[in-house]
Amino acid sequence: RSLVAAFSFIGIEMAAIASGEADRPSRVVRKSIRVSAYTVLAVYVVAMAMTVTLAPWNSPAVAASPFGTMMHALHIPATTTIINVVVFTALLSVLNSCLYSASRIGYSLALHHDAPRSWRKLSPNRVPATVVVWTAVFSFGVALSNTFAPGNVGLVLVDSSGAVGIMVWIGIALSYLKDRKSTRLNSSHITIS
């Protein structure tokens with residue numbers, strides 16, 4: 001599904017959100033995007049190449065768990081435990097990133113009077129703690145509702161996030177094209193005296 005694929009690529013914008021708190025944002029964004037690209041290349045492309053090399057592509061085991069199949073082929077003990085630890089660690093990392101970005105976006109919205117005024121308050125460590133708490137409560141509510149209606153809530157959220165991501169990217173592309181066109185027009189009217 002294309003919306004699920006779009007949802008999977010949305011996280012790269014977190015580098016831009018984090019750059020708002022960096023000393024040298026242009027350098028930080030460049031470096032973090034480069035690191036993200038290398039990480040994706042190393043984790044997914046190399047791992048999939050190893051899996052395809054070590055196991056037949058049409059094996060049902062590869063369809064069920066490509067990384068598990070690769071680790072079994074390499075005779076690594078406790079494969080299931082290792083994969084579960086990696087998945088759980090990745091899940092905690094995503095949760096941390098989402099809490100961070102949601103709290104910073106909520107804080108920014110509050111500064112522009114688009115969110116409750118209480119969200120503007122920062123803790124002594126300059127963390128919008130109120131927004132972090134509200135984000136955690138909302139996330140817990142979503143997880144709880146997904147428990148009672150499995151498949152429905154999660155799929156709707158993933159699809160809607162993917163659709164919003166696509167709309168944002170289209171808006172950015174159109175803004176860029178319009179800005180580029182107006183910049184070109186303005187530069188052609190400049191005369192040298």
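Helices here are DSSP runs of H or I with at least four residues, numbered from the N terminus (strands are E runs of at least two). The model you're looking at is predicted, so local features need pLDDT of at least 70 and side-chain atom pairs count only at pLDDT 80 or more, while totals for chains, interfaces and linings use all residues. Residues are numbered from 1 along each chain as its sequence is written, and side-chain values use heavy atoms, with hydrogens and water left out.

**Exercise 1. Find where Arg126 sits, then say whether Arg126 is buried or exposed.**

Step 1: Look at the loop between α6 and α7 (129-148); that's where Arg126 is found.

Step 2: Recall the cut-offs: buried means under 20% relative accessible area, exposed means over 50%, and partly exposed is in between (1.4 Å probe, protein chains only).

Step 3: Arg126 has a relative accessible area of 60%, so Arg126 is exposed.

Step 4: Check the backbone too. Most residues other than glycine have a negative phi. Arg126 isn't a glycine, yet its phi is positive, near 65 degrees.

**Exercise 2. Describe the second largest pocket: its volume and its lining.**

Step 1: On a 1 Å grid over the protein atoms alone, a pocket is an open set of points with protein on both sides within 12 Å along at least five of seven lines (a cavity is a set where a 1.4 Å probe fits but cannot get out), and lining residues have an atom within 4 Å of a point.

Step 2: The volume of the second largest pocket is about 220 Å³.

Step 3: Now list the lining: Ile17, Gly20, Glu21, Arg104, Tyr107, Ser108, Leu111, Leu122, Arg126 and Pro128. Arg126 from the opening exercise turns up here.

Step 4: Sort them by type, and you get five nonpolar, two polar and three charged residues.

Step 5: Helix α6 (residues 79-111) provides the largest share of this lining, with four residues.

**Exercise 3. Which helix gives the most to the nonpolar surface patch?**

Step 1: Pick out the members: Phe9, Val164, Ile166, Met167, Val168, Trp169, Ile170, Ile172, Leu174, Tyr176 and Leu177, with about 1,100 Å² of accessible area together.

Step 2: Helix α8 (residues 152-188) gives the most, with ten residues.

Step 3: Tyr176 is in helix α8 and is partly exposed, because its relative accessibility is 49%. Ile166 is in helix α8 as well, and its 30% makes it partly exposed.

Step 4: Compare with Gly171, also placed in helix α8. Its relative accessibility is 29%, so Gly171 counts as partly exposed.

**Exercise 4. How many Å separate the C-alpha atoms of Val4 and Val158?**

Step 1: Start at helix α1 (residues 2-9), the place of Val4.

Step 2: Val4 and Val158 are 154 residues apart along the chain, and their C-alpha atoms are separated by 6.3 Å.

Step 3: For another pair, take Val85 in helix α6. Val85 and Ala64 are 21 residues apart in sequence and 18 Å apart in space, C-alpha to C-alpha.

Notes: Patch = residues over 30% accessible without salt bridge, like charges linked within 9 Å, V, L, I, M, F, W, Y side chains within 5 Å. Areas by Shrake-Rupley, 256 points an atom, 1.4 Å probe, with all protein chains shown as cover. Salt bridge = Lys/Arg side-chain N within 4 Å of Asp/Glu carboxyl O. Points joined across faces, edges and corners; volume = space filled by probe spheres on them. Nonpolar A, V, L, I, M, F, W, Y, C, P; charged D, E, K, R; others polar.
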